[in-house]
Every structure is written in structure tokens, then in C-alpha cells.
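Here is a friendly walk through one protein model, meant to be read with the structure open beside you. Please take a look at it before going on.

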Amino acid sequence: LTERYVAAHPRSRALMEQAGQHLPGGNTRSVLHFEPFPLVMESGWADRLRDVDSSEYIDCAGEFSAGLYGHSDPTIRAAIEAALDNGLVLGAPNRYEARLAELIAQRFPSLEQMRFCNSGTEANLLAVMTARIVTGRDSILVFSGAYHGGVLSYPTGGNAMNVPLDVVMTPFNDVESFTSVMSQQGPKIAAVLVEPVLGAAGNMVASQEFLEALRKLTRDHGALLIFDEVKTSRLGEGGMQGRTAITPDMTTLGKYLGGGLSFGAFGGTRHVMERFDPGHPDALKHAGTFNNNPLSLAAGIAGLREVFTRERAEEFLSISERFREELASELKRRGLPVQVSGLGSILSLHYGETLPRNAEAVHPATMKLRRLVHLDCLEKGVYLTARGDIFLSLPMTEGTLTHLKDSLVASAESEVAY
Ligand code: PMP
């Protein structure tokens with residue numbers, strides 16, 4: 001498989017070698033690296049990608065969920081072009097920011113007020129720092145395997161390069177451990193930061209019982225509950241907080257909400273967020289040159305208003321959830337020990353007879369399965385993320401989804417046999 005890959009992608013190989021001159025490993029996003037070398041992409045349109053060796057793929061990396069709209073949605077493009085006609089960044093409040101804030105508040109009622117920034121990483125950092133200041137406490141509680149951005153990542157193995165926060169860690173989806181940690185350390189916890197689908201560790205969906213325990217115990221102990229919905233905000237019209245009817249104190253967002261351009265947002269109750277009002281007697285300062293850049297905001301507004309409407313969001317969730325279920329039942333029908341985790345348009349494959357509920361329960365053979373499926377799918381014209389996440393996007397048709405399902409099943413079957 002690897003030999004065929006090397007032979008099929010000479011230009012990617014040469015460009016990656018050249019890139020290594022000034023970029024360590026030729027890379028500026030570690031998550032995109034895979035052995036023997038990643039593909040260099042030339043162009044994208046709708047749900048397709050073409051690499052520099054002219055091979056074409058269905059794009060299931062979907063920019064790790066930011067690519068919900070695909071690469072060339074006409075409405076998003078028109079909004080970006082119209083904004084561009086009026087200048088790049090204006091150095092003043094503009095007409096876009098309040099509009100996008102209103103649209104976001106309507107979808108996600110936990111964000112009564114919010115602030116914008118440039119990435120999900122920033123959004124989480126700012127939310128955590130806000131919680132520390134508002135509660136007067138130092139520690140944050142996160143779940144093992146969680147990824148909340150480039151400097152807030154808690155993998156069960158490997159090196160993370162994190163901001164030096166006082167962090168308490170406990171397993172995801174484990175009410176007992178969480179309850180016990182809170183009873184011992186509750187008084188020092190400023191915030192519990194949770195992604196309602198534990199993404200980087202393998203897209204494990206939080207149980208309702210677990211999220212309810214988080215909601216109750218954070219209240220009991222005076223800590224803030226922060227939902228990282230940077231990715232899960234695409235799961236239905238109101239993200240996971242809408243689906244579960246559990247309202248966190250703060251929420252962080254990013255990815256598709258900037259229409260596919262760089263974006264982040266954090267917010268919460270008026271009580272918490274009013275500290276950012278410059279007129280507040282004890283105001284918190286939060287600046288950022290590109291926080292209100294018109295291109296991201298205009299693209300985000302067009303996306304929510306005209307493309308990913310509430311109805312479309314719900315319809316996309318059912319279509320993609322049907323895809324996930326059909327994929328899982330086809331793997332089962334063939335007797336393969338492969339499970340499909342996730343919800344709707346965010347999913348991944350796991351080796352084993354049962355779905356893991358947290359990072360600790362991931363089968364040791366899962367990474368190998370995903371590595372092989374990834375390379376094998378490339379030969380079939382399907383581009384997945386190297387670590388195995390699969391993201392569906394709005395331009396995908398029934399035909400594309402069928403091709404995708406058949407490719408994943410065939411790859412999993414040949415790799416399990418291998
Ligand atoms: N939180 C989660 C759950 C994420 O998946 C990501 C990015 N994959 C981030 C935060 C960070 O977002 P960004 O890459 O925009 O900094």
C-alpha cells in the first residue's frame with residue numbers, strides 16, 4: 001500500500017521535501033502529517049479535492065468540520081466577494097458583527113452575549129480565562145483525550161504543548177469518576193470544559209446522564225460549565241446543547257460558523273459576558289486585529305441565513321445519521337469487528353466488538369485500522385483525515401454517500417483480513 005502510494009504521488013513528495021527547507025517536516029499543521037508524506041492539494045470545489053499529481057478525491061476531511069459548506073458554495077462566495085468590495089479590515093466596528101452575533105444567539109441560547117476571535121483555540125483560551133476571573137478560581141477540569149485547540153490538548157499519549165494551566169483530568173462519560181473528583185476538588189475548579197462529542201479521541205458521544213451530571217455538579221460546586229461546540233455546533237440547528245436541552249454557562253464556537261474562513265467565538269450568560277463591556281467598572285479587555293474581519297463575518301452570516309438554515313441543519317443531521325447507521329449495519333452484516341462512532345456528519349471507525357465510551361476504552365488496534373483504511377481509501381478516491389475522522393459536507397449527494405460507504409466498507413474489510 002505504501003509503495004503504491006509513493007509511486008502515485010511524486011509531485012506531492014517533491015513539494016513536501018522542498019517545503020521542509022523552511023517548515024519543520026514541511027508542515028505547519030501537525031494534524032495533517034502522515035507517513036510517508038501527506039498529499040499536497042492543488043484545488044477544491046464543492047465536495048471534491050484535486051492533488052498536485054492530478055488525482056481527485058471526495059473530501060471527507062472537510063477541514064475538520066469547518067468545511068461544512070464545501071469549497072465553492074455560490075452564496076458564501078458571493079457574500080465574501082461583496083464584503084471584499086468594501087475593503088479588507090476597517091479598523092472600526094462594521095455592519096456585520098452584530099448581525100452574526102444575533103444569528104448565533106438565536107441558534108444557541110446559551111450565548112446571550114458573545115465575543116469574536118480568530119479560531120476555536122482562542123475561543124477556548126478566552127472562555128477558560130474568563131471563567132477563572134469570574135469565579136476567582138484557578139483550575140479547569142477537562143476529560144482525557146480531549147482536544148480544545150493547539151495549546152489546550154489532553155491526549156492520552158504523546159506530547160502536548162499546552163498553556164501552563166492548573167488542569168484536573170478525568171475520563172469522559174464516567175459519572176462516578178467525575179463525581180468523585182468534584183467532591184474532592186470542586187472548590188478550586190473554575191470551569192469544566194467539555195466537548196459533547198469527544199472528537200480527537202475518536203468521536204465518542206456524551207451520554208445524556210453524563211452531561212446532566214456535569215450540569216448539576218458544576219452548579220453545586222460553583223464552577224462554570226463550558227461546552228466546546230467548535231465542531232458539534234453543526235449537529236442540528238442548535239448543536240449538542242439544542243439536542244440534549246442542557247444549557248452550559250459558556251459556549252465556544254468556530255469552524256463552519258465563519259463560513260469556512262477563520263473564526264472563533266466565545267460567550268455565555270449576560271452576567272458573565274458583561275465584564276467585556278468597555279463601560280463596565282471592572283471591564284476585561286479583549287482585543288484582536290482580525291476579531292471582526294468582514295470576510296469571515298459576512299461568510300458566516302450568509303451561511304446561517306441562506307444555506308445552513310434551521311431546517312437544513314436538521315435535515316442534514318438526519319441524512320448524515322442515516323449514513324452513519326447504514327455504514328455501521330453494513331460492517332456488522334459482513335461480520336467485521338468495526339464500529340462507527342460519532343453522530344451525524346462527524347464520525348470515525350473503531351476496531352472492536354463494541355463502541356468505546358471514552359479515550360481509555362479505545363481498542364489498541366484502532367489506530368492501525370484507521371491508518372490502513374486511510375491509505376486504502378486514497379486509492380479509492382476518498383480523502384479522510386489521517387487520524388481517521390470522517391466529516392460529511394452539504395454538497396455530498398446520495399450517490400457520493402453511497403460511494404463513500406462502499407469504499408469504507410471495502411477498505412475496512414480488506415484491512416481487517418490483512
Ligand atoms: N475545539 C475543538 C473541539 C476542535 O476540534 C478544534 C479544532 N479541531 C478546536 C477547538 C480548535 O479550533 P481551531 O483549529 O480553529 O483553533
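This is a predicted model: local features need pLDDT of at least 70, side-chain atom pairs count only at pLDDT 80 or more; totals for chains, interfaces and linings use all residues.

Residues are numbered from 1 along each chain as its sequence is written. The protein chain is assigned two parts, domain 1 (2-68 + 310-417) and domain 2 (74-307), with bounds that come from an automatic or database domain assignment.

**How the domains meet**

- The C-alpha centres of domain 1 and domain 2 are 26 Å apart.
- Across the boundary, 25 residues of domain 1 are in contact with 23 residues of domain 2; contact here requires that the C-beta atoms of two residues, placed from the backbone, lie within 7 Å.
- On the domain 1 side that touches domain 2, α11 (310-333), β13 (338-343) and β14 each supply at least two residues.
- Helix and strand names follow DSSP runs numbered from the N terminus, with helices (H or I) of at least four residues and strands (E) of at least two.
- The most residues on this side of domain 1 come from α11, which gives 5.
- By class, this side of domain 1 that touches domain 2 holds 10 nonpolar, 9 polar and 6 charged residues.
- In these classes, Ala, Val, Leu, Ile, Met, Phe, Trp, Tyr, Cys and Pro count as nonpolar, Asp, Glu, Lys and Arg as charged, and the others, Gly among them, as polar.

**Helices packed against α10**

- Two packed helices are described by the angle between their axes and the distance between the axes.
- Helix α3 (residues 74-85) and helix α10 (residues 294-307) have axes that come within 8 Å and cross at roughly 145 degrees; the axes are lines fitted to C-alpha atoms, for helices over the stretch in contact, and angles run from 0 to 180 degrees between N-to-C directions.
- The α3 and α10 crossing is right-handed, a term used if the near helix is turned clockwise from the far one by less than a right angle, with left-handed used if anticlockwise.
- Residues of α3 in this contact include T75, I76 and A79, and their partners in α10 include P294, L295 and A298.
- The contact of α3 with α10 is made up of 13 nonpolar, 2 polar and 1 charged residues.
- Helix α4 (residues 96-107) also packs with α10, at an angle of about 35 degrees and with the axes 9 Å apart.
- The crossing of α4 and α10 is left-handed.
- From α4, Y96, E97, R99, L100 and L103 meet P294, L297, A298, G300, I301, L304 and R305 of α10.
- The contact of α4 with α10 divides into 8 nonpolar, 1 polar and 3 charged residues.

**Around the ligand**

- The ligand has 15 residues around it, of which S119, G120, T121, G149 and V230 come nearest; a residue is near a molecule if its C-beta atom, placed from the backbone, lies within 6 Å of it.
- Helix α5 (residues 120-135) gives the most to this shell, with 3 residues.
- The shell around the ligand has 3 nonpolar, 9 polar and 3 charged residues.

**Backbone points to check**

- Most residues other than glycine have a negative phi, and most peptide bonds are trans.
- E35 and P36 are joined by a cis peptide bond with omega of about 5 degrees, and P36 sits in the loop between α2 (10-19) and β1 (41-45).
- A245 is not a glycine, yet its phi is positive, at about 55 degrees.
- A245 lies in the loop between α8 (239-244) and β11 (250-254), and counts as exposed because it has 10 C-beta neighbours inside 10 Å.
- Burial is judged by the other C-beta atoms, placed from the backbone, within 10 Å of a residue's own: 20 or more is buried, 12 or fewer exposed, and in between partly exposed.
- K255 also has a positive phi, near 50 degrees, in the loop between β11 and β12 (264-268).
- K255 counts as buried because it has 25 C-beta neighbours inside 10 Å.

**Two loop residues**

- P337 is in the loop between α11 and β13, and is partly exposed because 16 other C-beta atoms lie within 10 Å.
- Not counting residues up to four places away in sequence, P337 touches Y351, G352, E353 and V416.
- A361 is in the loop between β14 (346-351) and α12 (366-379), and is partly exposed because it has 18 other C-beta atoms within 10 Å.
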